[in-house]
Amino acid sequence: MSDPLDLHLTERQRALYRRTLTLATDTLAGIAAAGEPDRVNRPLVRALGEHGLLARLLAAGGQADAGRPPEEPAGSGPPEEPAGSGPPEGPAGGVSAIDLCLIREALARGCTEAETAFALQGLGAHPILTAGAPELRARWIPPVVDGSAVAAFALTEPGAGSDPAALSLRAERDGDGWRLAGEKLWISNAPEADIYTVFARTDPDARGARGLTAFAIPGDAPGLRGEPRQLLSPHAIGSLTFDDVPAGPEQVLGAVGEGFGVAMRTLDLFRPSVGAFAIGMARAALGLATGHALRRRTFGRPLSEHQAVAHRLAQLHAETEAARLLVHRAAIAHDRGAGSASLAAMAKLLATEVAQAAVDAAVQFHGAAALERGHPLEHLYREVRAPRIYEGASEIQREIIARAMFRAAAGGSESAA
């Protein structure tokens, strides 16, 4: 699938996409292949740092002590952009959501393992960057940016997945600090992460999302234990048990009782880019399927000349492009301070559902060969399922969209334009 004209993107952004895709296919994919399934691939994380991608994610916006992207080899980076034409920053500064989408799509298209490692570093460290005290940022952001420390975002619990208001991990006062007790489940990079952003209930009497607080908890904290879990697609993920884990006041992210806001600000930034991750996989799958349809002959003619195959691929190409544009619209709206939960939900919903369909069709047209372990489509087939669940399942996204739709119809504030 050829790149669209992308009139809404600057030349710097298009160059960023091309450079990241080349890096993913030529360099990162080999490092990913040498990793151990179900474990954090630390050489891959370090490579993301060495090539400046983590700095783009976490050192933007002029944050103190965050470091700067390493110099790129001559001729390898995107050209300098004219003054005033650079990407917009988010409403509160920091990484541009559209740049985040472009990087995640390109990485997913060339190396899904690199995309996952990149996104998890951002999710785990973004709350520290935006809500942590200067000393906490100085301690953790530089090693996360250079890839020497692995970060994780610990929100999900056995009884609280897409509903963070149902969290039950407790944080009880202990002098001027806290003691955390409870469990987290399906935490990516657990139990190997060096630093966790953890969300706990500090006010047991508060209802719903109120009374939650975010903490930065080191992976070697006393009383913190973890167990790895195994998923359909090999992935570093596990459970965490907090047995009176201590946390000082300097480890609180933001204000006490405002942890839900910390979580939502992070997820609001990353949710459209989940759609970009999905689009990257869809484009990779459709590229494989289109090439295969041109080469494979059945009943005396190329597969591409069978109308059922050609029309199905044409439909999926169109839907993928439409979903990509919606993802970009949600990201640009976020950068301009005009984002909305419903727009981000539409982008994630459409992109992840289209990606599932695209990968499934590509497998179907390849036949049994695509099911053999090690085939690129076999890998994508396992990878593409999870994004329809995490950061809000498709059913939750439909609920968000429906509420906004009916609120607008009833005269609410959601724009119909």
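## Exercises on helices, strands and loops

P191 sits in the loop between strand 3 (177-188) and strand 4 (195-201). Helices (H or I, at least four residues) and strands (E, at least two) are DSSP runs, numbered from the N terminus. This is a predicted model, in which local features need pLDDT of at least 70 and side-chain atom pairs count only at pLDDT 80 or more, while totals for chains, interfaces and linings use all residues. Residues are numbered from 1 along each chain as its sequence is written, and side-chain values use heavy atoms, with hydrogens and water left out.

**Exercise 1. How helix 7 packs**

Task: Work out how helix 7 is oriented towards helix 4 and towards helix 10.

Solution: 
- Take helix 4 (residues 97-110) and helix 7 (residues 259-295): their axes lie 7 Å apart, at an angle of about 30°. Axes here are lines fitted to C-alpha atoms, for helices over the stretch in contact, and angles run from 0 to 180 degrees between N-to-C directions.
- Helix 4 is therefore roughly parallel to helix 7, since angles under 35 degrees count as roughly parallel, over 145 as roughly antiparallel, 65 to 115 as roughly perpendicular and the rest as oblique.
- Read the handedness: helix 4 and helix 7 make a right-handed crossing. A crossing is left-handed if the near helix is turned anticlockwise from the far one by less than a right angle, and right-handed if clockwise.
- List the contact (heavy atoms within 4.5 Å). Residues involved include L100, R104 and A108 of helix 4, and F270, V274 and F277 of helix 7.
- Sort the contact residues of this pair: 13 are nonpolar, 2 polar and 4 charged. Ala, Val, Leu, Ile, Met, Phe, Trp, Tyr, Cys and Pro count as nonpolar, Asp, Glu, Lys and Arg as charged, and the others, Gly among them, as polar.
- Now turn to helix 10 (residues 376-383), whose axis comes within 11 Å of that of helix 7 and crosses at roughly 150°. Helix 7 and helix 10 are therefore roughly antiparallel to each other, and their crossing is left-handed.
- Here F277, M281, A284, A285 and L288 of helix 7 meet P376, L377, L380 and E383 of helix 10. The contact divides into 8 nonpolar, no polar and 1 charged.

**Exercise 2. Strand pairing**

Solution: 
- Apply the pairing rule: two strands pair if DSSP finds at least two bridges between them.
- Strand 1 and strand 4 run parallel, joined by 4 bridges; in strand 4, V198 is the bridge partner of A154.
- Strand 3 and strand 7 (residues 237-247) run antiparallel with 9 bridges, one of them pairing R179 with P246.
- Strand 6 (residues 224-229) is antiparallel to strand 7, through 6 bridges, and L224 has F242 as its bridge partner there.
- Check the faces of strand 1 (residues 151-154): A151 and F153 on one side and A152 and A154 on the other are all buried.

**Exercise 3. The surroundings of L155**

Task: Is L155 buried or exposed, and which residues does L155 touch?

Solution: 
- Locate L155 in the loop between strand 1 and strand 2 (170-174).
- L155 is buried because its relative accessible area is 10%.
- Leaving out residues up to four places away in sequence, L155 touches P164, L167, K184, I187, F199 and L267.
- Finally, compare L155 with L169: 14 residues apart in sequence, they are 9.6 Å apart in space, C-alpha to C-alpha.

Technical notes:
Buried < 20%, exposed > 50% of the residue type's maximum accessible area, 1.4 Å probe, protein only.
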